[in-house]
Amino acid sequence: MKAEQVLGVIGMANMTIRPGDTSVAHGVNDLPVIGANQISALMESACSTAIIEFLDFGETTITTELQIQIIGAVGINHEIHATARCLGLSEGILKFEVEVHQSARLIASGLITRKFVERVSFMARVAAETMVAEKESLNSEKKIASTLNI
């Protein structure tokens with residue numbers, strides 16, 4: 001993929017806020033408004049939509065950096081829309097400018113950086129790293145248990 005192919009491409013995503021999408025449902029606070037995690041997921045979805053047609057077979061992108069500013073809140077049963085515009089591509093790293101709106105009202109804005117990965121090798125590495133982490137955790141738990149004579 002060449003930088004000039006993706007420079008300025010725009011992706012969009014939308015969602016209707018459900019009770020499970022709220023801050024209260026995720027235990028963040030007691031407000032029934034969209035949670036920050038859902039806002040960031042919607043932004044990431046818009047980024048993926050922007051470049052999907054430019055990906056090679058077996059290739060995808062993952063978020064490596066996320067900077068967002070949440071400006072407003074939106075309650076249950078309201079629809080919000082995210083847009084992402086690609087600012088550039090350098091050494092396999094994509095940068096996006098993102099915004100989330102409820103109608104014309106700006107809810108959040110930010111910058112997202114994503115990098116290209118090959119799906120199979122990425123998932124193999126995740127599986128290997130997970131196995132190592134679980135083994136280390138189990139060994140640590142055994143050490144603690146033996147120290148406590150359990």
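Visitor: How many salt bridges does the structure hold?
Guide: This is a predicted model. A salt bridge here needs a side-chain nitrogen of Lys or Arg within 4 Å of a carboxyl oxygen of Asp or Glu. By that cut-off, the number of salt bridges in the structure is four.

Visitor: Which residue meets Arg18 in a salt bridge?
Guide: The contact runs from N to O, at 2.9 Å. The side chain that meets Arg18 there belongs to Asp21.

Visitor: Is Asp21 buried or exposed?
Guide: The cut-off for buried is under 20% relative accessible area. Asp21 has 2% relative accessibility, so Asp21 counts as buried.

Visitor: Which strands hold Glu97 and Arg85?
Guide: The side chains of Glu97 and Arg85 meet in a salt bridge, 2.9 Å from N to O. This pair links distant parts of the chain, with the two residues twelve apart. Glu97 lies in residues 93-102 and Arg85 in residues 79-90, which are strands β4 and β3 respectively.

Visitor: Which helix holds both Arg125 and Glu129?
Guide: Their side chains meet in a salt bridge at 3.6 Å, N to O. The two residues are four apart, about one turn of the helix. Both lie within residues 119-147, helix α3.

Visitor: What is the relative accessible area of Arg125, and of Glu129?
Guide: Arg125 is partly exposed, at 42%. Glu129 is partly exposed too, and its value is 48%.

Visitor: How far from Glu59 is the nearest side chain of opposite charge?
Guide: Glu59 is found in strand β2, residues 59-70. Glu59 is buried yet has no salt bridge. The cut-off for a salt bridge is 4 Å. The nearest side chain of opposite charge is Arg119, at 7.9 Å.

Visitor: Which residues does Glu59 touch, leaving out those up to four places away in sequence?
Guide: Touching means heavy atoms within 4.5 Å. On that count, Glu59 touches Phe116, Val117 and Arg119.

Visitor: How far apart in space are Leu31 and Ala46, C-alpha to C-alpha?
Guide: Leu31 sits in the loop between β1 (10-16) and α2 (36-51). In sequence, Leu31 and Ala46 are 15 residues apart. In space, the distance is 26 Å.

Visitor: Which residues does Leu31 touch, not counting those up to four places away in sequence?
Guide: Leu31 has a relative accessible area of 44%, so Leu31 is partly exposed. Its contacts beyond those sequence neighbours are Thr22, Ser23 and Val24.

Visitor: What pattern does the protein follow along the sequence?
Guide: The protein has three helices and five strands. Read along the sequence, they give α-β-α-β-β-β-β-α.

Visitor: What is the radius of gyration of the protein?
Guide: The C-alpha trace spans about 65 × 45 × 20 Å along its principal axes. A compact globule of 150 residues would have a radius near 15 Å. The protein has 20 Å.

Visitor: How far apart are the centres of the positive and negative side chains?
Guide: The protein has 12 positive and 17 negative side chains. The centres of the two sets are separated by 5 Å.

Key: Residues are numbered from 1 along each chain as its sequence is written. This is a predicted model: local features need pLDDT of at least 70, side-chain atom pairs count only at pLDDT 80 or more; totals for chains, interfaces and linings use all residues. Side-chain values use heavy atoms; hydrogens and water are left out. The radius of gyration is taken over C-alpha atoms; the globule rule is 2.2 Å times the number of residues to the power 0.38. Lys and Arg count as positive and Asp and Glu as negative; His and the chain ends are not counted. The place of a charge is taken as NZ of Lys, CZ of Arg, CG of Asp or CD of Glu. Buried means under 20% relative accessible area, exposed over 50%, partly exposed in between (1.4 Å probe, protein chains only).
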